[in-house]
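Hello,

Here is the structure we spoke about. My notes on it follow below.

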Amino acid sequence: MNSRHLLIWLACLGLLALAPALESTALAEEILLWHAYRGDEKQAIEQVVHDYETLTGNTVRVLAVPDEGYTNKLVTAIPRGNGPDVFIAAHDQTGSWSENKIISPLGSDDLPEALLDDFHPQTVEALRYKGDLYGLPVAFKSSVLFYNKKLVSQPPKDTVELMAMVEALTNPEAQKYGLVYEITNLYFHSTWLHGFGGHIFDPDTGAIDLGTEENAASFEFARRLSVFLPHDVDGARISKLFNDGDAAMVINGPWFMAQLGEDLDYGVAVLPFVTESRQWAAPFLTAEGLFLSSEAHNRKASLELLTYIACEGALTRATLGKQMVAYLPTYEPGVLNDSPAAAERRAVFLAQLDHVVPTSNRPEMSSVWAPTQQALRKALYGAPSGATPYWMLVIIALLAVGVVFMLKAHDVRTGLRRPSFMLIGLLVCASAIPVIWHLFTIHSDDTAVDPLTTLREAQTRIEVVQAPAAIQANPAPFVALFGLVMLILAGLAYRAYQKNKKRGVEYTDTKVAAFYVAPATIGMFTLVIAPFLVGTALSLFSYERGEFIFVGLQNFARLFSGEGTPLTDSLSFYFTLVVTILWTGLNVFLHVTIGLTLALILREPWLKLRGFFRVLLIIPWAIPNYITALIWRGMFDYEFGAINGILKNIGLTPVAWFDDFITSFSANLITNTWLGFPFMMVVTLGALQAIPRDLEDAAAVDGASAWQRFRFITMPLLKPALMPAVVLGSVWTFNMFNIIYLVSQGNPDSSTEILISEAYKWAFERQYQYGYAAAYAIIVFFILVVYSRMTSRILEADA
Amino acid sequence: MAGLTLRGIIKRYVDAPSDTLKGIDLDILDGEFLVLVGPSGCGKSTLLRIIAGLESITTGTLSIGDREVNKLHPKDRDIAMVFQSYALYPHMSVRRNMSFGLEVRKTPKAEIDKLVDEAAKLLGLETQLDKLPKALSGGQRQRVAMGRAIVRRPKVFLFDEPLSNLDAALRTQMRVEMRRLHRALATTTVYVTHDQIEAMTLADRIAVLDQGILQQVGTPMTLFHAPANRFVAGFIGSPAMNFLEAKVLSKGGQFSLELDPKSSLVVASSVIERAGLEANDTVILGLRPQDLNLGVGTVHGLVDVVETLGWESHVHMKVAGENFLAAVETAQAHDLRPGSAIQLELPTAAVHLFDPKTGVALAHGREPSDDDGSKGADE
């Protein structure tokens with residue numbers, strides 16, 4: 001019976017394993033196309049593909065992949081042979097994909113040279129990397145100036161006019177703004193950066209070159225504009241402001257049109273001439289390209305499809321998909337049947353193409369964004385001091401030590417009274433006061449920083465973030481070490497076996513036992529042990545250009561060197577470690593304090609509607625934490641958030657929560673406290689139920705005050721139940737990625753990043769430095785192992 | 001040391017349909033050992049907790065000595081309480097359990113040690129002082145709880161069923177020790193129990209509580225011989241009193257009580273007069289099982305079950321269709337068989353008469369002596 005079941009199971013498993021193989025053979029003749037379009041554009045591409053199929057009789061499978069993680073999916077799927085043959089994506093990853101051999105260049109055999117003349121040259125250029133062309137441009141996107149025709153009769157021609165209009169039309173009290181755009185976003189700032197003659201890469205050497213006078217001038221200009229602009233607006237807010245007529249002008253791309261109301265009377269205009277530099281403002285150009293996967297099964301058919309979509313499909317995409325297509329014949333008179341308004345807009349987008357700079361498609365570009373934006377933010381809003389977390393840690397440590405001393409002044413378990421401890425505790429606590437004072441004074445120092453300085457800093461940071469050249473290390477010692485560890489483990493297991501045998505433990509029914517533990521063992525191995533081993537191994541490698549190079553402990557050396565930056569730099573491992581400790585410590589303290597207080601109140605006999613409150617207080621826990629995080633993120637919004645709304649209503653100045661370390665950190669802290677206290681409350685409620693009420697009554701009759709009852713009776717009895725919860729809560733908080741990623745997003749300047757979110761950044765936002773990120777993860781693991789061992793030791797010693 | 005004065009104490013819990021205590025008036029004398037007794041849920045523990053300050057008073061006043069303590073926190077009342085569960089602090093040694101109350105009252109260390117050692121000696125706990133409560137036996141824990149109460153030399157001791165978690169032998173032993181302790185310390189004591197034997201053996205006076213109403217307060221013997229009502233009569237004494245419905249008959253100046261057409265008994269006319277009864281009235285006749293003689297008499301019964309307890313036997317029977325119990329010497333019950341008819345003699349002196357409607361005692365065959373406090377509390 002048993003073995004028959006087993007056979008059936010094995011057969012099922014076998015079929016499952018075979019399934020992918022069956023699928024891939026069946027679909028070998030198809031061409032697989034991936035895109036990330038939605039709405040009209042999705043419909044259009046499907047129509048074009050349908051036309052192609054009818055025309056050629058080939059079959060194409062179209063897969064709309066969600067925009068999130070599209071790039072990551074391509075990078076992981078294609079090398080494994082599960083990827084598309086042809087895909088549509090923005091051009092800016094071309095370099096990285098080329099280096100990682102994700103895409104294949106289009107040679108002169110593949111395409112007639114003359115075909116390229118039919119595309120706008122800027123868009124073709126965007127798809128070239130190191131001289132090779134990697135795709136055909138499908139569409140292009142760049143920012144233009146949107147303006148509300150009711151508020152702006154004539155769009156500004158140059159920056160002087162723009163500045164005057166912005167000043168005249170802005171009235172922050174009434175929430176009316178002359179101009180709204182994401183001012184700290186480099187994508188939009190590129191308009192001025194190029195307009196002032198700046199650049200990101202030195203045109204001659206190709207090296208990153210941020211610290212130029214021109215770039216600084218563009219920052220200075222943004223600073224002048226920022227006075228009139230709302231703080232920290234995102235895309236959704238901008239479209240609301242513009243739709244409501246509260247924003248006269250907006251700098252945004254063509255996708256913005258889809259967010260605008262039918263009856264909104266707006267115009268688009270080419271971005272203004274920069275009077276100061278005598279050049280045109282030039283935003284980034286994004287070209288959407290059709291790329292040929294390096295693993296394409298049928299190159300000829302794939303190329304045919306690619307050309308068809310780019311050329312013949314252009315008209316459908318332009319009309320049905322409302323795209324700004326790159327295929328120029330589409331714009332010849334009489335081809336498009338636009339409404340006058342649409343035609344006018346199309347003309348403006350085309351005209352803007354004369355003043356654009358394609359976003360660089362070099363792999364290094366991905367590491368430019370964050371530091372440059374941080375530099376811009378600093379230039380506009382000032383820089384926080386990097387010493388703040390250290391001072392905060394000092395204050396908290398002093399207060400904690402002081403309180404411990406005060407509590408130890410009277411130990412009821414031994415009856416020991418040490419009045420001197422009370423004094424020492426008070427003194428230690430008092431010594432925190434000058435430190436707090438110092439923190440406030442350094443805090444009030446931050447004013448806008450000189451743009452050139454911030455740009456030079458950004459330049460340094462980008463260089464720091466670059467993976468150092470990997471030096472191949474000899475894996476032999478590591479393999480030997482691994483082997484040794486395995487041998488020792490095997491030896492220990494054998495010894496335990498022998499010992500048990502000697503003691504008379506009989507190993508009977510071992511086969512059945514093995515069968516029973518097999519599912520758990522397999523699960524543990526695949527879900528815990530294998531990923532751990534892979535992660536550990538990964539931390540010894542460097543990932544470069546699609547290849548893993550064994551580098552031994554170089555990642556750890558780099559990590560412990562703190563990137564060679566000062567300790568106050570947020571890129572330093574030590575800085576992040578201190579922030580993580582602060583984050584964990586304060587969170588757990590607040591969770592326990594609030595949870596405990598609420599549990600004690602919920603237990604009070606005078607409380608009515610107890611069940612109702614209990615459910616109400618557990619709700620924060622029951623809501624998925626990313627939803628809570630997003631809600632809080634919205635509430636902390638500078639202009640439109642509920643919290644600043646309340647502050648304004650009670651006559652306080654609104655706080656730019658994410659501009660300063662302390663406030664940004666507090667925003668994270670508040671959010672996570674909201675999420676964390678219910679767990680501690682529930683644990684405490686349960687533990688309180690196990691403490692007889694009589695004990696507290698006895699203490700009350702004995703003469704203990706409420707505080708003494710809590711401190712000497714309730715707390716010591718709660719401790720055994722609370723400590724494991726505290727350990728668990730600490731581990732969760734230590735690795736609470738969601739809140740950091742969604743609420744503060746590391747702002748300002750990556751300073752509120754914790755180890756785990758920093759690891760994420762190294763892995764996915766700083767050129768896929770998987771090995772280095774794995775080293776972070778290993779360090780996190782060891783810190784937590786040491787921490788939980790320590791706490792359980794303390795707990796055992798206590799019991 | 002001080003007495004306690006309770007005036008019109010009413011307790012109503014939030015959300016409760018009725019009052020738990022319905023107006024308690026009680027004077028507890030200085031140095032007195034008062035036992036509060038009653039069935040479960042009668043409110044006796046609530047009353048004790050009110051005295052301790054662990055429950056608030058809805059209306060009424062409570063004074064310790066001359067001081068009204070209604071609003072006073074337990075820690076300021078200078079009382080000590082021994083809980084049914086003992087409520088020993090599980091994380092503290094025996095010594096710390098006993099010294100905790102002194103420590104939080106900031107007694108000097110040397111004095112604490114002296115007081116704890118004294119109490120430990122008194123209770124025979126000298127060798128247990130450094131153990132944790134979980135290492136002690138039930139009796140020892142009980143002693144620690146008492147030790148914790150006595151070290152502080154409070155004005156009033158409160159005991160909440162302190163012996164109910166002990167086995168029978170230990171309970172008897174501890175009862176004696178409690179009595180001895182009270183003699184030694186002479187502290188005003190309020191002791192709550194549901195066990196009437198504890199009440200009888202320990203109390204200077206007993207207060208019987210039922211459904212939130214004080215039924216009777218008096219010495220154990222007053223309560224035994226002259227219960228104020230049917231509840232007290234049934235509650236005090238073991239085995240419990242028999243109750244039978246009877247009709248008053250008058251024949252030529254001689255009164256008798258008819259239980260059924262076959263059974264009646266003659267009662268002294270003075271008793272009927274004291275009870276204010278007239279011919280043809282219905283009355284509840286109460287008889288203690290020990291007060292009966294078997295063999296001859298005017299009352300007929302049918303033997304049901306005979307339980308032999310040693311020198312005493314309990315004869316369960318039916319009299320006038322009701323269950324009836326006689327406690328007699330085993331020799332008397334020797335040849336009784338289930339189902340056999342029997343005659344009973346019910347001595348007039350042992351008779352108790354109760355109002356059938358209100359249950360109030362109308363008269364007792366044996367008149368109370370000049371003993372004190374025999375009045376029912378709420379008549």
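Rings of Phe, Tyr and Trp (its six-membered ring) pair if their centres lie within 6.5 Å, and planes under 30 degrees apart count as stacked, over 60 as edge-to-face and the rest as tilted.

In chain B, Phe157(B) and Phe159(B) have ring centres 5.9 Å apart and planes at 50 degrees, so this pair is tilted too. Both Phe157(B) and Phe159(B) are buried. Over all chains there are 55 aromatic pairs.

The model is predicted: local features need pLDDT of at least 70 and side-chain atom pairs pLDDT 80 or more, while totals for chains, interfaces and linings use all residues. Residues are numbered from 1 along each chain as its sequence is written, chains are lettered from A and ligands numbered from 1 in the order written, and side-chain values use heavy atoms, without hydrogens and water.

One aromatic cluster in chain A includes Phe478(A), Phe541(A), Phe737(A), Tyr741(A) and Tyr760(A). Phe737(A) is also one of the buried residues of helix H28 of chain A. That helix covers residues 737-744, and six of its eight residues are buried; helices are DSSP runs (H or I, at least four residues), numbered from the N terminus. The buried residues of H28(A) pack against helices H21 (573-603), H23 (625-635), H25 (661-689) and H29 (755-765) of chain A, where contact means heavy atoms within 4.5 Å. Just after H28(A), Gln745(A) has a positive phi of about 55 degrees.

Arg558(A) sits over two rings: that of Trp762(A), at 5.1 Å from the ring centre, and that of Tyr772(A), at 3.9 Å. The criterion is NZ of Lys or CZ of Arg within 6 Å of the ring centre and within 35 degrees of the ring normal.

There are zero disulfides over all chains, a disulfide being a pair of cysteine sulfur atoms within 2.5 Å. Cys311(A) is buried at 6% relative accessibility, and Cys429(A) is buried at 15%.

Chain B is assigned domain 1 (4-225) and domain 2 (239-364), with bounds from an automatic or database domain assignment. Their C-alpha centres lie 39 Å apart.

Regards

Conventions: Buried means under 20% relative accessible area, exposed over 50%, partly exposed in between (1.4 Å probe, protein chains only). Helices (H or I, at least four residues) and strands (E, at least two) are DSSP runs, numbered from the N terminus.
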